[in-house]
Amino acid sequence: PFMGNKKVALVTGGSSGIGMGIALELAGKGYDIAFTYRNNAEGASAVAAQIEALGAACRFYQIAVEKLESCAALVDRVHADFGRIDAMVCNAASDRRFSILTAKPENFLYMTSQLYSAQMLLAGAAARHMVKSGIHGGILFITSIHGQMITTNDFLYGGMKAAIERSCKSLALELSPYRIRVNCIAPGAINVRHQDDAQRKYPYFTMVPLGRWGVEADIGRAAAFLLSDEADYITGETLRVDGGFALPGVPEGWAEPHPVDTRFVQAAYEQMLKNEEETDNG
């Protein structure tokens, strides 16, 4: 094990996007870093090299968080490798949208497992180590403005994100005697793909009041703050980092009614399955 004097942060989903931004920011702030990836081993290696270039020790681990039995085992392994865990960042989750008209039992099982149950199991395993070691640590859930804003077809994704924000408050209360703080960050309009056509694919870009996309570092800096001693009096909170995106209320045209006929529903369902297939193969 590394067993250094430095603080250790475990970030799930660190091989790209928001998780990568948080891992890099924390490495720059003096943490040693453990992070997980799902199948992007190449990305994980590249991020690890960047983290090590910042002077931090780093290891990365493969996990599919919806396999719930692997969550606590992962945290235990990281603790064995590093000797301590000071910060647990529950970030890894996938966003899939379903219409209530077509959602199947397997959609519910997958979404509730990876978006909610896994996050709680990871947090609980990390908290046990913190309590046992007497570490005044921090737990951070990455939720979404979709936990607060309402859009079409996000009843499952947004509902699970809202559930995390509610559970966060209970965990904050329960863990406060151990001086473990628990908070959420709700990102919005973060361009994690860096594609030139991102604006076309995400037409609500023009609705961000501060007039720009969010980037990974925006979330990374917020995470570093909430996990730092500077935020020592903050627990049970959700910090929205969205350039004001959630402020205007529901933008015009978001909830245009679809013609609810069987042909539309069937076509939408087939398109969803096709999209999922592409996502899984991509």
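User: Which residues does Met111 touch, not counting residues up to four places away in sequence?

Analyst: This is a predicted model. Met111 is placed in helix α4. Leaving out residues up to four places away in sequence, Met111 touches Ser94, Arg96, Phe98, Tyr116, Leu156, Tyr157 and Met160.

User: Is Met111 buried or exposed?

Analyst: The cut-off for burial is under 20% relative accessible area. Met111 has 0% relative accessibility, so Met111 counts as buried.

User: How far apart in space are Met111 and Arg96, C-alpha to C-alpha?

Analyst: Arg96 is among the residues that Met111 touches. In sequence, Met111 and Arg96 are 15 residues apart. In space, their C-alpha to C-alpha distance is 8.0 Å.

User: Gln119 has a polar side chain atom 2.7 Å from a backbone oxygen; which residue holds that oxygen?

Analyst: Gln119 lies in helix α4, residues 105-133. At 2% relative accessibility, Gln119 counts as buried. A polar atom of its side chain lies 2.9 Å from the backbone oxygen of Ala92. At 2.7 Å from a polar atom of the Gln119 side chain, the backbone oxygen belongs to Gln114.

User: Leaving aside neighbours within four places in sequence, which residues is Gln119 in contact with?

Analyst: Ala92 and Gln114, whose backbone oxygens face polar side-chain atoms of Gln119 at 2.9 Å and 2.7 Å, are both in the list. With neighbours within four places in sequence set aside, the contacts of Gln119 are Cys90, Asn91, Ala92, Ala93, Gln114, Phe141 and Ile164.

User: Which element gives the most to the largest nonpolar core?

Analyst: The largest nonpolar core has 34 residues, and Met88, Ile139 and Phe141 have the most contacts inside it. At least two residues each come from β1 (8-11), α3 (69-82), β4 (87-90), α4, β5 (138-142), α5 (155-175) and β6 (181-187). With 8 residues, the element that gives the most to this core is α4.

User: What does Met88 touch, not counting residues up to four places away in sequence?

Analyst: Met88 is one of the residues with the most contacts inside the largest nonpolar core. Not counting residues up to four places away in sequence, Met88 touches Leu10, Thr12, Val75, Leu122, Ala123, Ala126, Met130, Gly138, Ile139 and Leu140.

User: How many residues are in the other core that lies apart from the largest one?

Analyst: Among the residues of this other core are Ala27, Ala87, Ile185 and Val241. Its residue count is 32.

User: Arg38 and Glu66 form a salt bridge; how many residues apart in sequence are the parts tied together by the pair?

Analyst: The closest N and O atoms of Arg38 and Glu66 are 2.7 Å apart. Arg38 lies in the loop between β2 (32-37) and α2 (41-53), while Glu66 lies in the loop between β3 (58-62) and α3. The pair therefore ties together parts whose separation in sequence is 28 residues.

User: Which residues are linked with Asp218 in a network of salt bridges?

Analyst: Asp218 forms a salt bridge with Arg221, the closest N and O atoms being 3.0 Å apart. The two are 3 residues apart in helix α7, so about one helical turn separates Asp218 and Arg221. Asp218 is buried at 14% relative accessible area, whereas Arg221 is partly exposed at 46%. The residues linked with Asp218 in the network are Arg212 and Arg221.

User: Is Lys29 buried or exposed?

Analyst: Lys29 forms a salt bridge with Glu25, the closest N and O atoms being 3.8 Å apart. At 21% relative accessibility, Glu25 counts as partly exposed. With a relative accessible area of 56%, Lys29 is exposed.

Terms used: Residues are numbered from 1 along each chain as its sequence is written. This is a predicted model: local features need pLDDT of at least 70, side-chain atom pairs count only at pLDDT 80 or more; totals for chains, interfaces and linings use all residues. Side-chain values use heavy atoms; hydrogens and water are left out. Helices (H or I, at least four residues) and strands (E, at least two) are DSSP runs, numbered from the N terminus. Buried means under 20% relative accessible area, exposed over 50%, partly exposed in between (1.4 Å probe, protein chains only). A polar contact is a pair of N or O atoms within 3.5 Å; within protein, one must be able to donate a hydrogen and the other to accept it, and residues adjacent in sequence count only if both atoms are side-chain atoms. Contact means heavy atoms within 4.5 Å. A nonpolar core is a set of buried Ala, Val, Leu, Ile, Met, Phe, Trp, Tyr and Cys residues joined through side-chain atoms within 4.5 Å. A salt bridge is a side-chain nitrogen of Lys or Arg within 4 Å of a carboxyl oxygen of Asp or Glu.
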